[in-house]
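Here is a short note to read alongside the model. Please keep the sequence to hand.

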Amino acid sequence: MQVKKIRILIVDDHSLMRQGLKQILEIEDDIEVVGLAVDGEDALEQCLRLKPHIILMDINMPNMNGIQALRRIKDMGIDTKVIMLTIHNDREYLFETVNIGAEGYVLKDAESNSLIRAIRNVYSGESYIHPSLASEFVREYKSRGKVVDKEHNKSKLTRREYEVLTLIAEGLNNKEIAENLFISEKTVKNHVSNIFKKIEVNDRTQAAIYAFKHNIKKI
């Protein structure tokens, strides 16, 4: 049975980075690099033509940078998800790109397995912010007054849901949570769904923000 591949467009103005990412990703059986773009304008043209599932987008590029390209993609309603790549551990970039609508944010010096995890998480409908940046994102979000206080529903979570939420906040995916708690992946998925309903969030990034905001830690 043929594996359905995640179609990726890599956007970076450095040839070595484009080729290096391509080689890393194509080792994976479920990932296919369908295009390489040199800047934001090139990315838009190839995105419309190739219809990738996910774009890996560098932030700093000539002509049209990654933030401008991301904004154009979202404004045009293109059904392609975007993971931002940058060498800058800069919370301003993080806040701005997530606010525009980026589904993921990964540092270029992260381990390759973090990038692979980000791609698979985003493809499955989740958001991904590298764990080392999550607390920075929460601090920036709070400082701008964007987190709206509402009734704290932590008490409504079961002990197991509480445990799952702490692991979501650490950036673990469902499979990793299942292995950590010695339960099935299907059970984790059910817990995650219940958690989202109880704390009134729509994705893992929002759940992580909730956990940080309410100081939810491992039991």
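1. The model is predicted: local features need pLDDT of at least 70, side-chain atom pairs count only at pLDDT 80 or more, and totals for chains, interfaces and linings use all residues. Residues are numbered from 1 along each chain as its sequence is written, and side-chain values use heavy atoms, with hydrogens and water left out.

2. The chain has 10 helices and six strands (DSSP runs, H or I of at least four residues and E of at least two, numbered from the N terminus). Of its 219 residues, 48% are buried (under 20% relative accessible area; exposed is over 50%, partly exposed in between; 1.4 Å probe, protein chains only).

3. Lys108 and Asp12 form a salt bridge, with the closest N and O atoms 2.7 Å apart (a side-chain nitrogen of Lys or Arg within 4 Å of a carboxyl oxygen of Asp or Glu). Lys108 lies in the loop between β5 and α5 and Asp12 in the loop between β1 and α1, so the pair ties together parts 96 residues apart in sequence. Asp12 is buried at 0% relative accessible area, while Lys108 is partly exposed at 22%. A network of salt bridges links Asp12, Asp58 and Lys108.

4. A salt bridge also joins Arg204 to Glu126, at 3.4 Å between the closest N and O atoms. Arg204 is in helix α10 and Glu126 in the loop between α5 and β6, 78 residues apart. Both Arg204 and Glu126 are buried.

5. Lys22 and Glu26 pair at 3.1 Å, N to O. Lys22 is partly exposed at 25%, as is Glu26 at 38%. The structure holds 11 salt bridges.
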